[in-house]
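I opened my notebook on a structure I had not looked at before. Here is what I looked up, entry by entry.

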Number of protein chains: 2
Amino acid sequence: MASIIAAALKSWLPVQQNSDFPIQNLPFGVFKTTQSEARMATIIGDTVIDLQQLAKLGLFDDMDLDKTVFSQRYINDFMALGKAKTSAFRLRLAEIFAQDNQAMAQHAELRARALFPLDKVELLLPVKVGDYTDFYSSIEHATNVGTMFRDPDNALLPNWRHLPVGYHGRASSIVVSGTAIHRPKGQQKPNEGNPVFGPSKLLDFELEMAFVIGKENPLGKRVSTAQAEDYIFGLLLFNDWSARDIQKWEYVPLGPFLAKSFASTVSPWVVTLDAFEDMRVEGPEQDPEVLPYLQYEGKKNYNIELEVNLKTASGAEKTICQSNFKYMYWNMAQQLAHHTVNGCNVQVGDLCASGTISGKEPSSYGSMLELSWRGTRPIDMPDGSQRKFLQDGDELSLSGYGYNAEGIRIGFGPCTGKILPALD
Amino acid sequence: MASIIAAALKSWLPVQQNSDFPIQNLPFGVFKTTQSEARMATIIGDTVIDLQQLAKLGLFDDMDLDKTVFSQRYINDFMALGKAKTSAFRLRLAEIFAQDNQAMAQHAELRARALFPLDKVELLLPVKVGDYTDFYSSIEHATNVGTMFRDPDNALLPNWRHLPVGYHGRASSIVVSGTAIHRPKGQQKPNEGNPVFGPSKLLDFELEMAFVIGKENPLGKRVSTAQAEDYIFGLLLFNDWSARDIQKWEYVPLGPFLAKSFASTVSPWVVTLDAFEDMRVEGPEQDPEVLPYLQYEGKKNYNIELEVNLKTASGAEKTICQSNFKYMYWNMAQQLAHHTVNGCNVQVGDLCASGTISGKEPSSYGSMLELSWRGTRPIDMPDGSQRKFLQDGDELSLSGYGYNAEGIRIGFGPCTGKILPALD
């Protein structure tokens, strides 16, 4: 059922070197323009392709597809068609835009109606998120946090290697890349005295990936590790903004709440698992052996390079983190198998985020908390300023990409957010 | 904007002594029959009133209302009309069914089309839940749990009296009263050795109430304690089923996850805040004084009696808990003000549950964990059996009701669930 697009295929649409969106990607998103309402799209290079228009022009008339899905505000109904249909649809798109198919390329009116320069459209949140779950699946991140806040000799809690620790997050405040983030206010506890209320002083990001559920699993059933990929439609970049001072005071005993729920940012394009097929790699060895329901076969990790760029209000920029999705100790199949092993249902549009993705090297740590080691090792910026945590005016950008068998880059486009001062 | 129905009003529909549904209640729900699709309803006595039919018959034609809301699968669109309209609508219902208005009472055909005996319909989950939040706002419950699992001398954690501790829960697995609950499976950690996988041995209930958001608050704004009740459409009974053995192993450091996400049960009728207007009482004194954003004026607690009934497979029944919603340390206005103080948005259909509602007396403890004091004080059942936690075949039923100024009972109807064996 996978729809792998030939690794060397070229499109008649222009694709710059190191674009995240060659014809092998064909991710799905939603856009609008000043003239028209939200509708589904894909992208090649810097050209946004209006799928509603292509459907109206009859390019999918021979396919067994409900064409109304392309006119929806979110891609949920499209995902719910099932992978048999969505994979076939993606192959059809590759045919239409392949270099040797000049039917549309030569058709100026058709191109004018269906193709938009990326900088002329507004990309919208692509998925209507039902439930959002955040895991904690990078062993380096969990070890760093445990070392800083608990005990370096027992940094990992006893359950960590036995199950993918996770918790429920807030779905309503998930926003699309480019949405400005106001510094949250909340309770913080000074070392001495009573708690105080005010803007967070320790505002942080978390470099994460998220998978999007494309197939419903009913209440009372479980999804095995072998079945899991059939339920995962695709991936997003995910920035789990975090207010460390609010978190520290509120989180016992029931976990993070207001420290996270003010906003999370996702990339605008959902990249299918198929597009990352060439990036599969072995995961790290799991020791001790996990329980049978968490065991799996095959390569379930993905070699996707991740970067975090910080730009200050003065315009000074620096790549502050280089990490990789392949570092995950617990893979997505294990996360979904664990999530449903108690009979919990999942629905189309649910998101499961990875947790902060850190590697072994300090340069690969996926949060300011770890990069600045709790503020003890400030980051030097090119404009002479230093960062322990995020300041007002800072713009943070996540990126993620891998290379297919022909060395062609496939990625997400940027996942950005600028920090604005706290609101009254 | 409140729509208080005269405390002594009577209906031409029969209402038994101690019914939860006198004409002063008029809650909202959704039902279907073997002949027809889901649609909105209210209830008086044991008579379910089809609001779609009343609308079709023209009874609301003079009101400025979108009548399509009554044909929806959930009451969300109705709530989103706003309290000005929904309160006026409730007063209209009281007029139609008041004893001195015989227009419908005398109209056999009209009655036949719009009125259904409760036992001939299926009540459905009334609200499409977006995000579900669970608080931890009973000081007696938090103290009991802290005493059992941590330190009797420091049972409450330092943050507890300064903020209403809460966390995000799983929305997808919220089910309506009457839905059978399969015992969940999951990882448990014996005192010695490795974790094991199997059916939970420590299955519990939690007696809670939940409020339903009826008005959107956009991202970046906060709702003050004074504004909060305008955002709260009504209340539900809420059973937060919990697997204590799964919880104990998984919950550090990010909170409960699979121990709760297999199911939560709500009552089928959303009772408006207006219907409980006469039950307002002062809350407990809060010491130390809370931060300004959590301060409030007026009576924000509600005198709503709560009971839990346990019926074994043999049919033996016992009321195992008598508690009261008025015991809450943190009230709903404070919970919502806290929830939004960081700019977190709330949407129509979001649920906020109270956390387990326990009182001072052991007979008022709202969970098996507390009632049996961690299994050390088993509950004697009338059939000679004992309960530390719930057994397969047990049926649990929550009920809740208060009395208006005329001593008329207003409640929710039962919120039940039967425990079935774990699925393969």
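This is a predicted model: local features need pLDDT of at least 70, side-chain atom pairs count only at pLDDT 80 or more; totals for chains, interfaces and linings use all residues.

How many residue pairs are in polar contact across the interface of chain B and chain A? I got 26, with both residues of each pair at pLDDT 80 or more.

Next I checked which parts of chain B touch chain A. β6 (132–135), β7 (166–169), β10 (185–188), β11 (196–199), α7 (244–250) and α8 (332–340) of chain B each give at least two residues to that side. β7(B) has the largest share, four residues. By class, I noted 30 nonpolar, 19 polar and nine charged residues on the side of chain B that touches chain A.

Then I looked up the extent of the contact. Chain A puts in 58 residues and chain B puts in 58 residues. The two chains bury about 5,400 Å² between them, and 62% of that is on carbon and sulfur atoms.

I found four between chain B and chain A. One of the bridges I looked up joins D350(A) to R170(B), with the closest N and O atoms 2.7 Å apart.

On to the pockets. The largest holds about 1,000 Å³ of space. I see 42 residues lining the largest pocket, with K128(A), V129(A), G130(A), K128(B) and G130(B) nearest its centre. That lining has 22 nonpolar, 12 polar and eight charged residues.

Last entry: the second largest pocket, at about 530 Å³. It has 20 lining residues, and K189(A), L202(A), R244(A), D245(A) and K248(A) are the closest to its centre. Helix α7 (residues 244–250) of chain A gives the largest share of this lining, four residues.

Terms used
Residues are numbered from 1 along each chain as its sequence is written. Chains are lettered from A and ligands numbered from 1 in the order in which they are written. Side-chain values use heavy atoms; hydrogens and water are left out. On a 1 Å grid over the protein atoms alone, a cavity is a set of points where a 1.4 Å probe fits but cannot get out, and a pocket is an open set with protein on both sides within 12 Å along at least five of seven lines; lining residues have an atom within 4 Å of a point. Grid points are joined across faces, edges and corners, and a volume is the space filled by probe spheres set on the points. Ala, Val, Leu, Ile, Met, Phe, Trp, Tyr, Cys and Pro count as nonpolar, Asp, Glu, Lys and Arg as charged, and the others, Gly among them, as polar. Contact means heavy atoms within 4.5 Å. Buried area is the accessible area (1.4 Å probe) that two parts lose on being put together, summed over both. A salt bridge is a side-chain nitrogen of Lys or Arg within 4 Å of a carboxyl oxygen of Asp or Glu. A polar contact is a pair of N or O atoms within 3.5 Å; within protein, one must be able to donate a hydrogen and the other to accept it, and residues adjacent in sequence count only if both atoms are side-chain atoms.
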